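Please keep the sequence and the structure at hand while reading.

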Amino acid sequence: MRRKGLMRDTLHITIEEQLLMFLHTVGHNQRNRVIAHNFLRSSETDCIGALDGTHIHASVPVSEVAEFRGRKAYSTQNVLVAVDFDLHFTYVLAGWEGSAHDALVLRDALERPNGLSVPEGKYYLVDAGYATRPGFIAPYRGVRYHLKEFGSQTPANHKELFNLRHSSARTTIERAFGSLKGHFKIFSSRPFFPFKTQAELVLAACILHNYIISGGEDIFIPSEEEWTPPRPPSERNMREQREEVNEWVAHREQIARDMWTNK
């Protein structure tokens, strides 16, 4: 097509990407809104997915209960995952204590020999509990975020528009969690296995999840309209705020301003 001049690159989309979007549409009978999530364009081109932690029931010795009791009233393991916009898990780190801060778990994932690797210039969407830094972009703090917060009003400035689109794109990770816990009921109650096995079960379930959704529609995945955002994370302390990298804060600002200009 390129050689014969049948198609040409546009300002934001190459011929190869146009063809992939077309094949994805006719092959999976998907709407333009879904395609937009899978092929984020303009300033969002480099976004490769969303990243977050989730808490899963854990059974541990009495002497370790305090370490594994964090946000929940019961013992949990803090599981860090990354998903792409097809709701596939692309990275999973299980086994951290429930009391561990998400930022600490992420640091461990990045420092492991075969841990999480973010290609240069690419980034994941993260919630406000993480810092905006190379490879990770959080929303603006103190700015309306989820669609339900806007009601009938439209975004009033570039920050609100960015947060609204950030929220919409991040529904993928919450919907993936919903599918995982919907399929595998073992994660909704206290498991009766050694803790090492509990962590391995999370990895196995994520692999099975990827296999299940690759076969077609999954009834356990809530629609974007049905998704209810979790409670916003608590304020980060000053040390975590200092971890914000100015270059990437500026990058987020540029993305937001480009969105506002091209809305």
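A residue is called buried here when its relative accessible area is under 20%, exposed when that value is over 50%, and partly exposed in between. On that scale C206, with a relative accessible area of 4%, is buried because its value falls under 20%. The model is a predicted one.

## Overall layout

The protein has a secondary structure of 9 helices and 5 strands, and along the sequence these elements follow the pattern α-α-β-α-β-β-α-β-β-α-α-α-α-α. Of its 263 residues, 44% count as buried. Among contacts with a separation of 6 or more, 64% are between residues 24 or more positions apart.

In soluble globular proteins, nonpolar side chains tend to be buried together. In this model the largest nonpolar core has 31 residues, and the members that touch the most others are F89 and V202. Two or more residues of this core come from each of strand 1 (47-57), strand 2 (76-83), strand 3 (89-97), strand 4 (123-125), helix 6 (158-183), helix 7 (195-214) and helix 9 (246-262), with helix 6 giving the largest share, 7 residues.

Which residues does F89 contact, once its neighbours within four places in sequence are left aside? They are V81, A82 and V83, then A176, F177 and L180, and finally C206, H209 and N210. A second, separate core of 16 residues includes L93, W96, A109 and V126.

## Cysteines and a buried aspartate

The structure holds 0 disulfides.

Apart from residues up to four places away in sequence, D102 touches D52, R71, N78 and Y130.

## The surface

D86 lies in the loop between strand 2 and strand 3 and is partly exposed, with a relative accessible area of 34%. Although D86 and N210 are 124 residues apart in sequence, their C-alpha atoms are 9.5 Å apart in space.

## Salt bridges

Side chains of opposite charge can pair when their charged atoms come close. The count for this model comes to 7 salt bridges. One of them joins E16 and R2, whose closest N and O atoms are 2.8 Å apart; this pair links distant parts of the chain, with E16 in helix 1 and R2 in the segment before helix 1, 14 residues apart. E16 is partly exposed at 44% relative accessibility, and R2 is partly exposed with a relative accessible area of 44%.

The side chains of R112 and D108 also form a salt bridge, at 2.9 Å from N to O; here R112 counts as partly exposed at 40% relative accessibility, whereas D108 counts as buried at 18%. Another salt bridge, again 2.9 Å from N to O, brings together the side chains of R257 and E253. Why are R257 and E253 separated by about one helical turn? The two residues are 4 residues apart in helix 9, and therefore about one helical turn separates them. R257 is partly exposed, with a relative accessible area of 44%.

Note on methods: Residues numbered from 1 in each chain as written. Predicted model: local features only at pLDDT ≥ 70, side-chain atom pairs only at ≥ 80, totals over all residues. Heavy atoms only, no water. Contact = heavy atoms within 4.5 Å. Disulfide = S-S within 2.5 Å. Buried < 20%, exposed > 50% of the residue type's maximum accessible area, 1.4 Å probe, protein only. Core = buried A, V, L, I, M, F, W, Y, C linked by side-chain atoms within 4.5 Å. Salt bridge = Lys/Arg side-chain N within 4 Å of Asp/Glu carboxyl O.
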